[in-house]
Amino acid sequence: MAEPVLEARDIVKSFGRVHALRGASFSVYPQEVVALIGDNGAGKSTLVKTLVGVHPPDSGQILFEGKPVSISTPHESRELGIETVYQDLALASEIDPAANMFLGREIMRPGLLGKLGFLDKSAMRKRSDEAFRNLGVKIQDTGARVANMSGGQRQGIAICRAVTWAKKVVFMDEPTAALGVRQTRKVLDLIRRVADGGVAVVLISHNMTEVLQVADRVQVLRLGRRVAEFGGSGTDVETLVGAMTGALDEVRA
């Protein structure tokens, strides 16, 4: 069996007297969609931020492709090929989709004497259009401001940006929040397409029905620990909710 592309073992993280993670473990394999679920305060966001270098763990181990790593900053996680789509999308609303795709990674045209000159907007637009097309994201006017686009389009841009730069793993935090039924279906199809293309996807969601539609595995956090793990098929919403709340443990006891 292949080894996880990203794995956490017994991660502990506290903020003063608040124990956010109490020995949390996690794993995701290549070409896999893993859902990370848990009630509010379970530690999902803290675990993700620890894995991508926002918060250093107090103890525990992170492994990347089977080797221990220390990820101290988000830049270091991006260097490993790990990208994150946060719930607020982190898009610049006053610029167009292509500029958002290359924000912080702009392509420059050579200037005089070989020095960097102006932004190569044509090259960025061409590569962005190709990424949108390959992932099935329909943007009618790629020259328009993101502020004038629908929630589904903005979500698609954020996911495309992450996938364009991710080589190994993409974390998606509540990617269908505030979307309609049709837009949600498109995002779930996009998540599946990303995984089938070779990039592991970690889906953080409160929507159990959507989780079961798209996830290969489901890992459950409660009170800062992984308390259960299920296959995506053959599992129902009641089982997942029971694991999240502790009711499943009471039934088993």
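**A tour of the sheet and the cores**

Begin by selecting alanine 8, which stands opposite isoleucine 62 in strand 4. This is a predicted model, in which local features need pLDDT of at least 70 and side-chain atom pairs count only at pLDDT 80 or more, while totals for chains, interfaces and linings use all residues. Residues are numbered from 1 along each chain as its sequence is written, and side-chain values use heavy atoms, with hydrogens and water left out.

Next, select residues 6-15 and 59-64, which are strand 1 and strand 4, running antiparallel and joined by five bridges; strands (E, at least two residues) and helices (H or I, at least four) are DSSP runs numbered from the N terminus, and two strands pair if DSSP finds at least two bridges between them.

Widen the view to the open sheet of four strands, whose order is 2-1-4-5 with antiparallel pairing. Its edges are strand 2 (18-28) and strand 5 (67-69), each pairing on one side only, and the twist averages 30° from one strand to the next.

Now turn to the largest nonpolar core, which has 49 residues, such a core being a set of buried (under 20% relative accessible area, 1.4 Å probe, protein chains only) Ala, Val, Leu, Ile, Met, Phe, Trp, Tyr and Cys residues joined through side-chain atoms within 4.5 Å. Helix 5 (residues 151-165) gives the most to this core, with seven residues.

Select valine 218, whose contacts (heavy atoms within 4.5 Å) include Ala35, Ile37, Val211 and Phe230, not counting residues up to four places away in sequence.

Technical notes. Axes are lines fitted to C-alpha atoms, for helices over the stretch in contact, and angles run from 0 to 180 degrees between N-to-C directions. Buried means under 20% relative accessible area, exposed over 50%, partly exposed in between (1.4 Å probe, protein chains only).
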